[in-house]
Amino acid sequence: MEEKRQYERIDTAYTALYCSYGGVRAVKIKDLSKSGAALVFKDEIDVYSGDSCTVHFYSRDTGTLVSRAQCRVIRVFQLDGHQAIGIHFDKENKGVDTVMDFLASQPHD
């Protein structure tokens, strides 16, 4: 079965802060697209499908906040032995466009 996605997914080496009622955690961003992303936690956290959260995208290179985006958890799963979540960005979320533009401007290895 062929998987069809609305937007291209980008695998990144970037991190973000996941902020919700359950706390604030650093996460690794995986499979980022304009509609959502997979976030991987180092340690387990209480998180459930349907939870609302804010993701703050930082650049370690510049030490600055690139953007932040409101989102909703749509899936909780395991990835390479770590807890991970799938998030969907809220509509009209300009913060995601800022992040995608920032990533496109960075040199690729």
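This is a predicted model: local features need pLDDT of at least 70, side-chain atom pairs count only at pLDDT 80 or more; totals for chains, interfaces and linings use all residues.
Select Phe57 first. Leaving aside neighbours within four places in sequence, Phe57 is in contact with Ala16, Ile29, Leu32, Thr64, Leu65, Val66, Ser67, Arg68, Ala69, Phe89 and Val99.

**Stop 1: around Phe57**

Colour strand E4, residues 52-59; Phe57 sits in that strand. Is Phe57 buried or exposed? Its relative accessibility is 4%. Phe57 therefore counts as buried, since the cut-off for buried is under 20%.

Draw a distance between the two C-alpha atoms. The value is 4.7 Å, although Phe57 and Ala16 are 41 residues apart along the chain.

**Stop 2: the salt bridge**

How many salt bridges does the structure hold? There is one. To find it, select Arg9 and Asp31, whose side chains meet in this salt bridge. The distance from N to O is 3.7 Å.

Next, trace the chain on either side of the pair. Arg9 lies in the segment before strand E1 (15-20). Asp31 lies in the loop between strand E2 (23-30) and strand E3 (36-41). The two residues are 22 apart in sequence, so the pair ties together separate parts of the chain.

Arg9 is partly exposed, at 38% relative accessibility. Asp31 is partly exposed too, with a relative accessible area of 31%.

**Stop 3: the whole chain**

Go to cartoon view and zoom out. Which elements does the chain have? Look for one helix and six strands. Follow them along the sequence: the pattern reads β-β-β-β-β-β-α. The radius of gyration is 13 Å, close to the 13 Å that the globule rule gives for 109 residues, so the chain is as compact as a globular protein of that length.

The C-alpha trace spans about 40 × 35 × 30 Å along its principal axes.

Then think about contacts across the chain. Take those with a separation of 6 or more: 49% of them are between residues 24 or more positions apart.

**Stop 4**

Colour by accessibility. Of the 109 residues, 39% count as buried.

Bring the surface back. The accessible surface comes to about 7,200 Å², and carbon and sulfur atoms make up 48% of that.

Last, colour the charged side chains. There are 14 positive and 16 negative ones. The centres of the two sets lie 2 Å apart.

Key
Residues are numbered from 1 along each chain as its sequence is written. Side-chain values use heavy atoms; hydrogens and water are left out. A salt bridge is a side-chain nitrogen of Lys or Arg within 4 Å of a carboxyl oxygen of Asp or Glu. Helices (H or I, at least four residues) and strands (E, at least two) are DSSP runs, numbered from the N terminus. Buried means under 20% relative accessible area, exposed over 50%, partly exposed in between (1.4 Å probe, protein chains only). The radius of gyration is taken over C-alpha atoms; the globule rule is 2.2 Å times the number of residues to the power 0.38. Contact means heavy atoms within 4.5 Å. Accessible areas come from the Shrake-Rupley method with a 1.4 Å probe; for residues, only the protein chains shown count as cover. Lys and Arg count as positive and Asp and Glu as negative; His and the chain ends are not counted. The place of a charge is taken as NZ of Lys, CZ of Arg, CG of Asp or CD of Glu.
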